[in-house]
Amino acid sequence: KLKFQNKMNFKNFDIFDLNYEYCSDEFGILDTTKDNLPKKGILSRILSLIKATLLIIINNKKKGYIIPNNSILFFGLNNNEKLAFSNVLNLHNSHHQIGDDRYINGFPILKIYLTSLLFIPMVLFYYFKTKDTLKKLSFKYVFDFYCLSFAAILIIPNYLNKLKPKKILVSNHTRPFQRIIMKLFISRGLGYMQHASFINNMPPFKDFDYLLINGQESLNKLLNSNSSNNNIFLIGNVKQESFLINTKSSNKLLSIGVCINHLDEFSNVNSLIKKLKESFPSSKLYLRPHPVDPRFKKFKEICSRNEIMFSDSRKISSFNFLKSVNLLIAGDSNIHIEALSMNIPCIYLNFENKKLDWYGFLKYGMLYNGYSVNQIKKIINNIDFEKINVKKLLKPFNSSINTLYEGKSSSLALKIIHDNKSFIENKFKRKIDINNNYIYNLKE
């Protein structure tokens, strides 16, 4: 009886496992701040699901293109997930991106959302039956995800069986739709392209034919997660290619970019920008809040009142933003990786040393540790802008650095996905670990 009370299975899928992000003690996302979580409450989540369904109905416009059978599919639902594939998609006419798409026979997102509404009573039933504390709490944050998971289990297998893809790649392995795809395509053309830096306590990868990752740091965390039976290729970061070929150089401090998110306290941010304005009056100052930061408009108003350049992350790409600055200050964010790719020195926004170095950038000595406003001022004054060479620090996070394939990771991905065996044998060194992972490192 107790086992039943802590399980939510449907057609051989574990609904809790599909929603690993919110149901795992190891991942711990429910321990983060409320700004980092969906709005809490079962009624709120049901209303959110209804609202999202209506928006999809309104915006569901298909174009007259059809995905042919035997295609190579790349699945992504949001911009971050899709960006992982963007430089590879157009390299071959068999490539098609599904998820958020406009194909006539594209991913059935509307059908999934409509069907999910029918599962509201069933998910409510499981809410009352579940006794595990963490799992019980998760319903209040992702009740809608659970409804969508039930619907996706019914619909995605039939959709992919009709489409008959040759291979399918995902760029996120913690979300329910991707985890359904992963189970359906185990060892039959399943691939992954990394969309963000790995973190500790992530779920393991198993039985991937093409696991394309950025570098040694990603490999370390992947192997620590007890991943097994994968073909792992360290190819560098596909998303960084345009950054790597736009390396910046400047012999003085012309501009400072400050990137913030909801984890950065307002008072700390306010103190920082005042100190920077006061201490470096001849340098342009940019403030770039995260697009979902609830204080987005407030920071925009502060910028307009204080002659600070506001970088609208909802409209301006990180690439175009970084082209405008030659020093970056940010907390736990992958924008550090992008900045270092352009040879821009970075300061970790870490007041009172309270942050956890989520991605390990500080541990590898890639960033200066800005633990106070005065310390950040001191760091900036001590940087010799005439002798900057911070791009080399990226090597653990981008295997292509200082190789012939620096800035060419997408061409490596293409050769691997299309099984160019002679190329792989000539360009990579292979080893096997105790968990039966075949690990391919670039020859330098």
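A residue is called buried here when its relative accessible area is under 20%, exposed when the value is over 50%, and partly exposed in between (1.4 Å probe, protein chains only). R295 is buried by that rule because its relative accessible area is 17%. This is a predicted model, in which local features need pLDDT of at least 70 and side-chain atom pairs count only at pLDDT 80 or more, while totals for chains, interfaces and linings use all residues. Residues are numbered from 1 along each chain as its sequence is written, and side-chain values use heavy atoms, with hydrogens and water left out.

Let us begin with the sheet. Helices (H or I, at least four residues) and strands (E, at least two) are DSSP runs, numbered from the N terminus, and two strands pair if DSSP finds at least two bridges between them. Eight strands make an open sheet of mixed pairing, in the order β4-β3-β5-β6-β7-β8-β16-β15. The edges are held by β4 (95-99) and β15, each with a single partner strand, so one side of each has no neighbour in the sheet. From one strand to the next, the twist averages 25°; angles run from 0 to 180 degrees between N-to-C directions, and axes are lines fitted to C-alpha atoms, for helices over the stretch in contact.

Now follow the strands towards β15. β7 and β8 run parallel and are joined by three bridges, with I213 opposite L234 in β8. Strand β8 (residues 231-234) then pairs with β16 in the parallel sense over four bridges, and here L234 stands opposite N441 in β16. On the β15 side, five bridges join strand β15 (residues 428-432) to β16 in an antiparallel run, and K429 is the residue opposite N441. These two strands, β15 and β16, form a hairpin with five residues between them, and N436 in the turn has a positive phi of about 60°. Strand β16 (residues 438-442) is mostly covered, as four of its five residues are buried.

What covers this part of the sheet? Helix α11 packs on it, touching β7, β8 and β16 (contact means heavy atoms within 4.5 Å), and the direction of α11 makes about 155° with that of β8. In helix α11 (residues 216-224), the buried residues are E217, S218, L219, K221 and L222. Just after α11, N226 takes a positive phi of about 65°.

Another packing to look at is between two helices. Helix α13 (residues 266-279) and helix α17 (residues 373-382) pack at an angle of about 40°, their axes 10 Å apart. The contact is made by S271, L272, K275, L276 and S279 of α13 together with V373, N374, I376, K377 and I380 of α17.

Finally, turn to the charged pairs. A salt bridge is a side-chain nitrogen of Lys or Arg within 4 Å of a carboxyl oxygen of Asp or Glu, and the count by this rule comes to 13. One of them joins K82 to D100, with the closest N and O atoms 2.8 Å apart. K82 lies in helix α5 (residues 79-83) and D100 in the loop between β4 and α7 (109-116), so the pair ties together parts 18 residues apart in sequence. K82, D100 and R102 are linked in a network of salt bridges. K167 and D419 also meet in a salt bridge (2.7 Å, N to O). Because K167 lies in strand β5 (residues 167-170) and D419 in the loop between α18 (409-417) and α19 (421-427), this pair ties together parts 252 residues apart in sequence. K167 counts as buried because its relative accessibility is 5%, whereas D419, at 36%, is partly exposed.
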